[in-house]
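I opened the model to look up its charged pairs, its chain contact and its core. My notes follow in the order I took them.

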There are 2 protein chains.
Amino acid sequence: MITLPQECRLTEDLPLDCGRSLKDVVIRYETVGELNADASNAVLITHALTGDAHVCGKHDVSDRKSGWWDEMVGPGKYIDTNRYFVICSNVLGGCSGSTGPQSIDPDTGKPYHLDFPVITVRDMVRAQKRLVDMLGIRQLLAVVGGSMGGMQVLQWAVDYPDAMRAIVPIATAASYSPQNIAFDWVARDAIRSDANWKNGDYPPDDPPGRGLAAARMLAHITYLSEESLGRKFGRNLQDKSEYDFDFAHDFAVESYLEHQGKRFVERFDANAYLYITRATDYFDLTAETDGDLAKAFANVSAKFLIVSFSSDWLFPTRQSRLMVEALLRDRKEVSFCEIQSGYGHDAFLLEVDRLGRMVRDFLRQVEVK
Amino acid sequence: MITLPQECRLTEDLPLDCGRSLKDVVIRYETVGELNADASNAVLITHALTGDAHVCGKHDVSDRKSGWWDEMVGPGKYIDTNRYFVICSNVLGGCSGSTGPQSIDPDTGKPYHLDFPVITVRDMVRAQKRLVDMLGIRQLLAVVGGSMGGMQVLQWAVDYPDAMRAIVPIATAASYSPQNIAFDWVARDAIRSDANWKNGDYPPDDPPGRGLAAARMLAHITYLSEESLGRKFGRNLQDKSEYDFDFAHDFAVESYLEHQGKRFVERFDANAYLYITRATDYFDLTAETDGDLAKAFANVSAKFLIVSFSSDWLFPTRQSRLMVEALLRDRKEVSFCEIQSGYGHDAFLLEVDRLGRMVRDFLRQVEVK
């Protein structure tokens with residue numbers, strides 16, 4: 001299936017949580033399937049930290065890889081594009097087509113870099129809402145996403161309670177934990193310590209690659225469980241049978257991390273990484289309700305399907321349960337499942353069948369009611 | 001109580017696991033209490049990654065802080081120096097008085113830096129054994145240590161089965177996990193990426209401080225539990241009531257990490273950090289028994305007291321249980337306790353009373369039998 005990226009230029013300035021606003025915002029997005037006559041079959045999919053608008057299919061038959069959730073989304077798949085009109089957009093602040101720190105500042109004619117305003121998950125969602133409005137959709141059938149995508153899903157339900165019938169927050173939490181903030185701090189420190197970073201003013205062909213790779217390596221550890229690292233690598237050595245007694249990579253897990261770091265630098269921008277991780281740090285649905293999550297959810301009207309994974313220690317099940325409890329206190333409709341999986345946080349991309357069946361059945365129920 | 005550092009120069013070259021050997025090795029150590037007439041009351045305490053020989057007391061009455069385990073060790077304390085002759089030495093490869101990468105290579109008259117051989121936990125223990133021999137002690141009453149100290153304890157029991165009557169490995173494991181190796185890889189990458197590192201040849205007054213601080217910040221996250229981070233910091237802001245919308249520290253946890261990183265650079269050497277973490281990566285009691293831990297423990301004769309902490313995710317209880325099961329298969333004497341604690345890995349230094357009572361009672365039992 002061939003999918004094509006599209007662009008939407010917001011006609012009005014976008015106000016931001018920091019108090020500033022952005023002009024000429026461009027949102028890169030893709031759609032799959034057809035919007036039905038009463039525009040009631042639209043499903044918005046929100047992507048995780050380093051995802052993009054290319055959720056499924058290929059841009060060209062010669063593409064080696066399909067979109068990031070191709071096993072989940074497409075004709076006849078769990079989120080069936082024969083049935084639903086699927087929309088996925090690159091987040092504000094990103095580096096995959098939507099306005100972000102590497103975009104040209106219309107006021108100066110130069111890239112924003114660190115003059116780009118620090119954005120929040122709510123700002124990302126505010127931009128998405130504009131896109132959905134411009135597509136002529138008054139109410140989405142559902143908003144679905146995992147990890148940082150799940151944060152956007154939750155923000156949608158709280159900020160635009162009538163804008164969707166259902167939401168599916170996967171492997172996420174109602175507020176970003178201090179442990180998560182701590183990991184982000186160290187990751188951003190790696191980028192900012194790289195001499196190539198130059199306070200954000202690096203040329204595109206000479207980015208702070210080593211710092212960005214380090215940030216990615218660290219993040220990768222948090223995406224895997226101890227169990228999955230044990231199963232995948234154990235203490236296996238990389239192409240050798242004895243320790244080299246040096247500081248190069250001896251272990252397969254070291255070699256894997258190095259590879260992941262290098263590959264990431266080819267596809268992602270360091271400044272965007274700073275901005276997007278900062279947005280997640282600031283994510284806290286209860287910021288305005290003094291930590292009271294039931295109060296934060298008081299006005300939501302969407303039906304919830306919340307999914308967590310047993311070995312996910314970045315967004316542990318405990319945090320999903322807090323949401324379930326708050327919603328039940330509010331007498332909201334919520335389904336919850338913890339999927340038993342050894343894959344850690346990555347499970348939300350890997351346990352496609354078990355997750356997919358649940359999401360498919362949930363969407364069907366929402367449709368008929 | 002005043003304690004004084006002492007030095008022991010090994011009279012013979014020290015052979016190492018990597019195949020090389022070290023000349024003129026110096027081991028910095030401290031002793032507290034008195035060795036009894038039949039030299040049967042000696043307790044060796046082994047320190048963790050960034051510890052040193054200064055286990056308790058003060059070097060000078062004006063010292064602000066006491067040794068790193070002062071609440072545990074001293075006259076009338078849990079490891080009672082009125083009763084026991086306590087020895088603690090700085091590990092080989094360290095930077096607190098024992099021979100390490102910043103020491104002068106007797107062959108060149110210059111500091112070793114990266115010419116220092118990559119050492120192992122077994123090498124550290126081999127050096128300690130020489131020290132204990134030189135102190136005239138044929139059999140220790142016990143070897144006690146937590147974290148990397150626990151690895152040394154285990155290595156003692158396997159390599160020198162008749163050299164002690166009991167061992168107490170705390171918050172540790174029989175082999176370093178791939179997750180631990182992965183974190184070390186990223187930490188060392190931070191040091192090696194620092195332009196000041198200069199492949200190890202930095203001058204003492206211009207060390208790769210930023211990289212070392214990053215390594216320490218990362219390690220700190222792994223020492224705390226999600227719960228303790230939540231209790232200690234939550235999402236509290238540092239000296240402000242609203243987000244600054246920038247990349248400096250907004251959150252208390254960020255400010256804490258930054259402080260810990262900076263303080264660490266004042267007291268620890270970057271090359272030593274590389275060498276000591278590499279030694280832990282290589283730690284695997286089952287390396288020569290094809291992963292069979294019962295086989296690795298087959299010849300131990302010491303009584304074991306193994307202690308883990310419920311919220312320690314760096315060395316989870318599961319890993320202690322593997323040791324207990326292997327020892328029971330071997331019909332060895334082993335006591336085991338998981339202490340319920342929210343402090344994460346740091347609990348081995350913080351849960352002094354609960355841990356201390358257990359260690360005290362265990363040592364008494366070993367004495368009388």
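I began with Arg278(B), which counts as buried at 0% relative accessibility. I use buried for under 20% relative accessible area, exposed for over 50% and partly exposed for in between, with a 1.4 Å probe and protein chains only. The model is predicted: local features need pLDDT of at least 70, side-chain atom pairs count only at pLDDT 80 or more, and totals for chains, interfaces and linings use all residues. Residues are numbered from 1 along each chain as its sequence is written, chains are lettered from A and ligands numbered from 1 in the order in which they are written, and side-chain values use heavy atoms, with hydrogens and water left out.

**Salt bridges**

I looked up the partner of Arg278(B). Asp250(A) forms a salt bridge with Arg278(B), the closest N and O atoms being 3.6 Å apart. Asp250(A) sits in the loop between α5 and α6 of chain A and Arg278(B) in helix α7 (residues 270-281) of chain B, so this pair joins two chains. Asp250(A) is buried too, at a relative accessible area of 0%. My salt bridge rule is a side-chain nitrogen of Lys or Arg within 4 Å of a carboxyl oxygen of Asp or Glu. Helices (H or I, at least four residues) and strands (E, at least two) are DSSP runs, numbered from the N terminus.

Next I checked Arg318(A). Its side chain meets that of Glu226(B) in a salt bridge of 2.7 Å, N to O. This pair also crosses between chains, from helix α9 of chain A to helix α5 (residues 226-232) of chain B. Arg318(A) is partly exposed, with a relative accessible area of 46%.

I then took a pair inside chain B. Lys303(B) and Glu333(B) form a salt bridge of 3.9 Å, N to O. Lys303(B) is in strand β11 (residues 303-309) and Glu333(B) in the loop between α9 (317-329) and β12 (334-339), so the pair ties together parts 30 residues apart in sequence. Glu333(B) is partly exposed at 44%.

I also noted a network of salt bridges that links Arg188(A), Arg278(A), Asp281(A), Lys240(B), Asp244(B), Asp250(B) and Glu254(B).

**Interface**

How many salt bridges does the rule find across the interface of chain A and chain B? I noted 12. One of them pairs Arg235(A) with Asp284(B), the closest N and O atoms being 3.5 Å apart.

The area buried between the chains is about 4,900 Å², of which carbon and sulfur atoms give 66%. In chain A, Trp185(A), Phe245(A) and Phe247(A) lose the most area to chain B, together 19% of what that side buries. Buried area here is the accessible area (1.4 Å probe) that two parts lose on being put together, summed over both. The contact (heavy atoms within 4.5 Å) takes 54 residues from chain A and 54 residues from chain B.

**Core**

The largest nonpolar core has 185 residues, and Tyr273(B) is among those with the most contacts inside it. Such a core is a set of buried Ala, Val, Leu, Ile, Met, Phe, Trp, Tyr and Cys residues joined through side-chain atoms within 4.5 Å. Leaving aside neighbours within four places in sequence, I found Tyr273(B) in contact with residues including Leu49(B), Ile191(B), Leu212(B), Phe264(B) and Phe268(B).
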